[in-house]
Every structure is written in C-alpha cells, then in structure tokens.
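Dear colleague,

I am passing on the structure we spoke about, and I would be glad if you looked through it with the notes below at hand.

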Amino acid sequence: MRVYLINLERRKDRLKAMEEQADIHGLSLERVAALDAGTADRSIVNRWFANAGPLGELPAGDKACLLSHRAAWERFAASGEAHAVFLEDDVRLSRVAGPMLACDAWIPAGIDVVKLEHYGPPGQRVLLAGLHAVGEDFRIGRMLSRHTGAAAYILSRKAAAMLLAEQRFDLAVDHLMFNPNNSKLFARLSPWQLLPAIARQQEFVGEKSDIEKTRKGLRSFGFTYVGRELLRFAYDLKLLPRQVAALLSGAKFVAVEMAD
C-alpha cells in the first residue's frame, strides 16, 4: 500500500522523524503538503465549510487539516490502487506496524475504513461489533461509538470516493470519519478499529498538535464552550438507544491500546 504522509512545509523536524520511523519499518512515504492555517487564504478555505456545524464553528486549523487530508485522498484516488494508508506527521508507530502498513492482504473484503490509532486516554473504550482476527496477532471490530483522531487510518477507493464527493463540510476530519454521534457519513463509511492499535498521536506522548493554537479562542471556557459540551452530551444521549440495542446483539465495549 502507498503511505501518504500529511506534513506542513515548516515542520521539517516532523518529516525527518517520520522518515526515520519509515526506514525502521521498511516503508516508503509519499509526502502530501499540508495546508498551513497561518498562511492559507481564509476566503478560499471557507468556501468548503458551513458557517457552523453540529459542534459549532470549526477553528481555522481544523479546516486546514481537513483540506490537507482531502488533498491526500485526491492523490490516492488518482493512483488506481485498492487501499492506501494516511498518516499525520506527529504520529508514532508501534514496532509491529510495518507489516500492517506494507500490504492490504489482511483487510477483509467489504471493509473500506480501518482506524489504526489509539486516540484519547489510556484504556479508551469503543463499542465494537463483529470482532474477528486479522493477520497473526490482530483483531478488527466495526465501530459503533465515537473514537476520534485521524492521525493514522486506511481507506479503500470506495471510501475515498465517498469523502471526495462531499463539497461542504461542517465537522473536523476525525469527527467526520469516526464520530457516529453527528457525522452523516459515518454509517456509509462504516469504519473498523484495529486492535491493538499501531499508532498514537504525539500529543499523547508529550507534544501538542499545531492545530491547538488555532482552537484557543473557540475552546476557552465560557458560554460557547459550555454550550458545545452540552451539545456533545446531547448527541451522546441520542445515540444511546442504538448502542444498547447493539450491546444486546453482541457488540462489546473494548479498551483500545497501542501495541508495543
């Protein structure tokens, strides 16, 4: 599989770190220039986005991030290959990641999105259905609850086409792909989680993402922040009946951890 690396031009340090990881795993990276929220033309960027979405206004950094991912999806769509890996430049890969990223033979037919990372606190639990083994030491399960983060994932050509067909966005890329609470695309993408995960974003090992700088105003504590958190809670409650039904049908809340 091709491995697309989304990297800001000014973050050559991250590019070097990712290239070093790729060498260890025997991978070749295809760099995709990320859109820089600090220098991008806001009027052009904003044409792709609704004024507000289910979780309120999107920060400039989240908008630039989504369009950076979109550029990588376009590159993949033009390649003619069946699957591709997408990585952000602040991800850390497990020592066992190489074989899972090098070849798509382990991906079952009909699965179009595989989330490769563990995002959030240790022991983050995700509701998964259809758990089954892939490869020698891994399992996958179909995601039925929120597990955001878009630092490492696999798409099929079908999934890339679905994402590229969207002409106006109202969510950040990770919520668009991995949040059933408010993403209209989630059910169609039907993402699966790899267990154990083989990637972890660097913000969980010591360094915050560049996007955080663009979120300060919108995420400062106040009426807007409280309103957004209440809205998130309302979306969680709305999904609860379906999750209970899934649990009764055999789905399980599984702790997602990163492989050694």
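In this model, which is predicted, K115 stands opposite Y153 in β8. That pair belongs to the joining of β5 to β8, two strands that run antiparallel and are linked by three bridges. Strand β8 itself is mostly covered, since five of its five residues are buried; A152, I154 and S156 point one way from the strand, while Y153 and L155 point the other way.

On the partner strands, β8 (residues 152-156) is also joined to β3 by five bridges, again in the antiparallel sense, and within this pairing V85 stands opposite I154. Strand β3 in turn pairs with β1 (residues 2-7), here in the parallel sense and over five bridges, with V3 standing opposite V85.

Is β3 enclosed or open? Because six of the six residues of this strand (residues 83-88) are buried, β3 is largely enclosed by the rest of the structure. Its residues H83, V85 and L87 point one way, and A84, F86 and E88 point the other way, all of them buried.

Some of these residues return in the nonpolar packing. In soluble globular proteins, nonpolar side chains tend to be buried together. The largest nonpolar core here has 42 residues, of which W73, F86, Y153, L155, L163, M177 and L189 touch the most other members. Among the elements that give two or more residues to this core are β1, β3, β6 and β8, together with the helices α3 (60-77) and α5 (157-165); the largest share, six residues, comes from α3. Another core, of 28 residues, lies apart from this one and includes L87, L93, F138 and I198.

For Y153, leaving out residues up to four places away in sequence, the contacts include H69, W73, A84, V85, F86, K115 and M177.

Is E117 buried or exposed? With a relative accessible area of 0%, E117 falls under the 20% cut-off and is therefore buried. The side chain of E117 reaches the backbone nitrogen of A150 at 3.0 Å. Setting aside its neighbours within four places in sequence, E117 is in contact with residues including H147, G149, A150, A152, Q193, Q201 and V256, and one of these, A152, is a buried residue of β8.

With best wishes

Note on methods
Residues are numbered from 1 along each chain as its sequence is written. This is a predicted model: local features need pLDDT of at least 70, side-chain atom pairs count only at pLDDT 80 or more; totals for chains, interfaces and linings use all residues. Side-chain values use heavy atoms; hydrogens and water are left out. Buried means under 20% relative accessible area, exposed over 50%, partly exposed in between (1.4 Å probe, protein chains only). A polar contact is a pair of N or O atoms within 3.5 Å; within protein, one must be able to donate a hydrogen and the other to accept it, and residues adjacent in sequence count only if both atoms are side-chain atoms. Contact means heavy atoms within 4.5 Å. Helices (H or I, at least four residues) and strands (E, at least two) are DSSP runs, numbered from the N terminus. Two strands pair if DSSP finds at least two bridges between them. A nonpolar core is a set of buried Ala, Val, Leu, Ile, Met, Phe, Trp, Tyr and Cys residues joined through side-chain atoms within 4.5 Å.
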